[in-house]
Amino acid sequence: MGDQIKKILSLIFLNKIKIFNSTIITVTKVKMTSDLRLAKIYLSIFSSNVNAIEDEYKNIVSERNKIRFELGKNLKSKYVPKIKFFKEEEDLLNLNNLKVK
């Protein structure tokens with residue numbers, strides 16, 4: 001079910017949620033609880049502007065109910081899990097530390 005949620009979320013981020021122009025959002029993994037009631041969604045957010053990363057994360061968290069609604073419309077399951085978002089901090093630090101030679 002986690003892989004199915006991951007695919008649906010990527011489509012939701014592409015088509016349904018407004019994101020900033022220079023931001024790339026990647027759903028890196030989805031962890032489900034054993035009772036399938038909660039989905040922990042890990043995101044990598046990339047942007048040339050460091051401040052835009054935090055703003056985009058806040059935007060996603062504020063749109064959580066809309067995202068869950070869209071997920072429910074597309075998920076082939078009787079129950080739609082609650083969703084909780086987490087940032088992949090390692091990826092952000094590694095990408096921001098890269099230098100173009």
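I started with lysine 73, which forms a salt bridge with glutamate 70, closest N and O atoms 3.5 Å apart (my rule: a side-chain nitrogen of Lys or Arg within 4 Å of a carboxyl oxygen of Asp or Glu). This is a predicted model, where local features need pLDDT of at least 70 and side-chain atom pairs pLDDT 80 or more, while totals for chains, interfaces and linings use all residues. Side-chain values use heavy atoms, without hydrogens and water, and residues are numbered from 1 along each chain as its sequence is written.

Both partners lie in helix H3 (residues 64-74), 3 residues apart, about one turn of the helix; helices here are DSSP runs of H or I with at least four residues, strands are E runs with at least two, and both are numbered from the N terminus. I looked up exposure: lysine 73 is exposed at 51%, whereas glutamate 70 is buried at 8% (relative accessible area, 1.4 Å probe, protein chains only: buried under 20%, exposed over 50%, partly exposed in between).

How many salt bridges does the rule give? I get 3.

Next I checked glutamate 88 with lysine 29, a salt bridge at 4.0 Å, N to O. Glutamate 88 sits in the loop between strand E3 (82-87) and helix H4 (89-97) and lysine 29 in strand E1, so the pair ties together parts 59 residues apart in sequence.

Then I looked at lysine 87 and glutamate 54, whose side chains meet at 2.5 Å, N to O. That pair links strand E3 to helix H2 (residues 50-62), 33 residues apart.

Last, lysine 31: I find it in strand E1 (residues 23-32), touching Leu38, Ala39, Lys40 and Tyr42, not counting residues up to four places away in sequence (contact: heavy atoms within 4.5 Å).
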